[in-house]
Amino acid sequence: MVTPSPQPPTEPTATHGHTGHDGHEHVSPEQSAGHVPGQSGGHSNGHAHGPSDGHSGGHASAGHAHGHSHSHGPAAPVSKHLRKVIAAVLIPFAAAVFIGMAVLWPGGAPAHERSGVGFDRQTQQGVVTTLEQVDCKSVNAAQVPTTAAPSTPSGRQAQAEQTGACKKATVEVTSGPDKGRTFVEIVQPGAPRQLEDGQEVVVAYAPDAPRDLQYSVIDVNRKLPMALLAGIFAVAVVVVGRMRGLFALIALVVSFGVLTLFILPAILQGSNPLVVAVIGASAIMLIALYMCHGLTARTSVAVLGTLVSLLLIGLLGSGFIDWAFLSGNTDDNTGLIHGLYPDIDMSGLLLAGVIIGSLGVLDDVTVTQTSAVWELRQADPSMGPRALYRAAIRIGRDHIASVVNTLVLAYAGAALPLLLLFSIANSSMGSVANSELVAEEIVRTLVGSIGLVASVPVTTALAALVVSADRPGSPAGVPATGPVRGRGRRRKR
């Protein structure tokens, strides 16, 4: 009698072995590996037991196989068919975006004659060389005394200018054709910006003014602290994020490049702000997402979810900006832009700002939701699209709550001085919300928030469908998941 012994693992399909003298079937080393081609980390152990009594009526059912799927590292790439489907959607979209950039490329901002108002002034660099205390009355003796009551803010300021101690700063111009020239700047005691000896400043130049009044200090030079803060930020991102953090910084530079080299000059050249914003935001989205997260199906799903949400934001923003009669021309800066370039559609510029402002938060939401679906699938490969959607949408609800609150508080923080003015005036909430200044921020916030909320179910559903339809590395006729059924062969006599 021959003692039965376990056979080496066999393929789940037909094997080509031979029968040895011991009455057992032997397989080649290649067949004994038991791996399904293309399957990441999976193996099957098939044990075929032959009969022990020397009869030909062996039990083929005695052979069995154990399928184990082990996943290490990132998710396996999607199947070739799904890659083709995703590419068929994204490649034409990317091509249209970059063709649109080429057609609308401005080649730089249009030249104009400086008005000398606000930011539209010639500026140079300067430094405070000396600073001395002087009597305000002596430097303001030629001014007409104010008639305002001392109890009012203007009255108190006028009184301080007549009787207080002022600063007389001598400023040297350190750049431009008049480098080395000096002028005097008087700093009032109640001025919001006080100067110090040796401080670097920004000076404005008015060529049409009298020589003694051609230069004036308009701001301080903050380049050093700003550059230092940017350096600390970059180091922190690279130290924590490593290579991915480095690519994120590169993507940030590219985003600013698209903004300053394409979006802003194209709008100034007279192109439609909405079209320019959509094309520019799409280019930023494609470059930033693929550079930071890789050229994968996971990133492609996030791109599709972001694109759908941007389209929704554009449609809602366009409708409500027109319906609420928001002109986009609400302060000195927008008024100056409209005065210099009257052909610019200011309401379209407002909508462009809504789209670009929402893009950064949309990227975060869509990438997070796509990653959640992929990781859930890796943790439990048996989950179908509905189960994946239900599990991932619970994560998305938490994300929605935090992101919407963040967006509202960000806009409220930016408009805090304006809100304080309304609070001082004891205006009702209805009056505050009805004013165009606040209505713009409300529309901007709510339209962007609706797009963010919609991006969660849209991206989650897309990711669940894609990852569930995936059959990575599966040969024809063999399922990608589930136990692998082995088949034992009868021993030939």
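Predicted model: local features only at pLDDT ≥ 70, side-chain atom pairs only at ≥ 80, totals over all residues.
1. Val303 lies in helix H7. Helices here are DSSP runs of H or I with at least four residues, strands are runs of E with at least two, and both are numbered from the N terminus.

2. Residues are numbered from 1 along each chain as its sequence is written, and side-chain values use heavy atoms, with hydrogens and water left out.

3. What does Val303 touch, not counting residues up to four places away in sequence? The partners are Leu90, Met285, Leu286, Leu289 and Tyr290, where contact means heavy atoms within 4.5 Å. Val303 and Ser282 stand 21 residues apart in sequence, and their C-alpha atoms are 9.2 Å apart in space.

4. Gly314 also has its place in helix H7. Gly314 is buried, with a relative accessible area of 12%. Leaving aside neighbours within four places in sequence, Gly314 is in contact with Leu351 and Ile355.

5. The length of helix H2 (residues 80–104) can be checked. At 1.5 Å a residue, its 25 residues should span 36 Å, and the end C-alpha atoms are 35 Å apart, which agrees; the expected span is 1.5 Å times one less than the number of residues. H2 bends by about 30 degrees at Ala87, the bend being the angle between axes fitted to the seven residues ending there and the seven starting there.

6. Helix H10 (residues 385–414) and helix H11 (residues 416–424) have axes that come within 4 Å and cross at roughly 70 degrees. That makes H10 roughly perpendicular to H11, a label for angles of 65 to 115 degrees (under 35 is roughly parallel, over 145 roughly antiparallel, the rest oblique). Axes are lines fitted to C-alpha atoms, for helices over the stretch in contact, with angles from 0 to 180 degrees between N-to-C directions.

7. Which residues make the contact of H10 and H11? Ala412, Gly413 and Ala414 come from H10, and Leu416, Pro417 and Leu419 from H11. They divide into 5 nonpolar, 1 polar and no charged. Ala, Val, Leu, Ile, Met, Phe, Trp, Tyr, Cys and Pro count as nonpolar, Asp, Glu, Lys and Arg as charged, and the others, Gly among them, as polar.

8. Two backbone angles deserve a look. Arg242, in helix H5, has phi near 55 degrees, a positive value in a residue other than glycine. Arg242 is exposed, with a relative accessible area of 65%. Phi of Phe325 is likewise near 55 degrees and positive. Phe325 sits in the loop between H7 and helix H8 (332–340) and counts as exposed at 71% relative accessibility.

9. For the protein overall, the secondary structure comes to 13 helices and 9 strands. Of its 493 residues, 34% count as buried. Among contacts with a separation of 6 or more, 69% are between residues 24 or more positions apart.

Conventions: Buried < 20%, exposed > 50% of the residue type's maximum accessible area, 1.4 Å probe, protein only.
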